[in-house]
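Thanks for coming, everyone. Please bring the structure up on your screens, and we will walk through it together.

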Amino acid sequence: MVENRSQLKSNYDDQGYVVIRDYFNAAEISSLRKVVLKFHDLWKKDNAKFYQEEAFNSSLITGSQYLAFDDRVKLFNFISSKKVMDIVESVITNNPAFMNTQLFFNPVAPKQKDFWHRDCQYDHEVEAQKKAIQETQVVHLRVPLFDELGMELVPETHKRWDNEEEYNVRQEEKGRLSSENLSSGKAIKLAAGDLLVFSADMIHRGLYGMDRLALDILVFDSAGDFADYVDDDCLPERSMLDKIDDPRLFVNTLQLKTINLK
């Protein structure tokens, strides 16, 4: 378990990320991998053209489309397990809430290269991005299911704007490409069992190669205005809640969505 929550939070607040080696044991990863591979195999068949041509991730792993009731409950119990919640509550001290899950894998198309981005750039123009990084942020908890090349991050960009090189590369300005290397980037190799916690809005990219298959759990501070981003289907059904050992993370989201409907 987490030995020093305040140190973990301090490191995250300063750098925008924390990596914890060998956090999950082999049995935990094996059990999680089994469920996630069921989803992934069915998703690939259902999205064959997209997978072959451009996909590098999928989402709504906890949804009802590909996984049966019991497998969904297993996933919800992993996401809200004491190990995961210890980290979530270290980083987000104010009523953390569940947003979604994503699965990251290698693209089939060799022309696709890993690319720098901030998650907020897909929802906001530049001025709104600047505002977003100063406000409540979404946190990714990345759980690699196999050993992989990992992530490349630009430390401290969860709270500071891009320098000129970072901006031109990320936004593909002045002839630069988002797949180019950045002098400020820091590569973090990951092995199955490691846990990487990072801000969605910092400058980052996944590194393609090896047996890349990583489950990302996305959580947010209840004070943030993110409930509308949450797909109802990725949340547990009411009948599942009593089968989840600690459902607080999901209950917080369900309550926020209820408030937004009023």
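Let's start with Ser58. Is Ser58 buried or exposed? Its relative accessible area is 5%. The cut-off for buried is under 20%, so Ser58 counts as buried. Keep in mind that this is a predicted model.

Where does Ser58 sit? Ser58 belongs to strand S2. And which residues does Ser58 touch? Leaving aside residues up to four places away in sequence, Ser58 touches Phe39, Trp43, Thr101, Gln102, Leu103 and Phe105.

Now the strand itself. S2 covers residues 57-59 and is joined to S3 by three bridges. The two strands run antiparallel. Take Asn57 as an example: its bridge partner in S3 is Phe104.

On to S3, residues 96-105. How many of its residues are buried? The count is 10 of 10. S3 also pairs with strand S9, residues 213-221. That pairing is antiparallel and runs over nine bridges. Within it, Thr101 has Ile217 of S9 as its bridge partner. Thr101 is also one of the residues that Ser58 touches.

S1 is joined to strand S7, residues 195-199, by four bridges. These strands run antiparallel too. Val18 stands opposite Val197 of S7.

H5 is mostly covered, with eight of its 10 residues buried. Those buried residues are Lys83, Val84, Met85, Asp86, Ile87, Val88, Ser90 and Val91.

H5 also meets helix H1, residues 5-15. How do the two helices cross? Their axes come within 8 Å and cross at roughly 60°. H1 and H5 are therefore oblique to each other. The crossing is right-handed. Which residues meet there? From H1, they are Arg5, Leu8, Lys9 and Tyr12. From H5, they are Asp86, Ile87, Glu89, Ser90 and Val91. By class, this contact has four nonpolar, one polar and four charged residues.

Last stop: another sheet. This open sheet has three strands, in the order S6-S5-S8, and the pairing is antiparallel. Its edge strands are S6, residues 186-190, and S8, residues 204-206. Each of those pairs on one side only. The twist from one strand to the next averages 20°. Strand S5, residues 148-153, pairs with S8 over three bridges, in the antiparallel sense. There, Glu152 has Arg205 of S8 as its bridge partner.

That's the tour. Over to you for questions.

Conventions. Residues numbered from 1 in each chain as written. Predicted model: local features only at pLDDT ≥ 70, side-chain atom pairs only at ≥ 80, totals over all residues. Heavy atoms only, no water. Buried < 20%, exposed > 50% of the residue type's maximum accessible area, 1.4 Å probe, protein only. Pairing = 2+ DSSP bridges. Axes fitted to C-alpha atoms, helices over the stretch in contact; angles between N-to-C directions. Parallel < 35°, antiparallel > 145°, perpendicular 65-115°, else oblique. Left-handed = near helix turned anticlockwise from the far one by under 90°. Contact = heavy atoms within 4.5 Å. Nonpolar A, V, L, I, M, F, W, Y, C, P; charged D, E, K, R; others polar.
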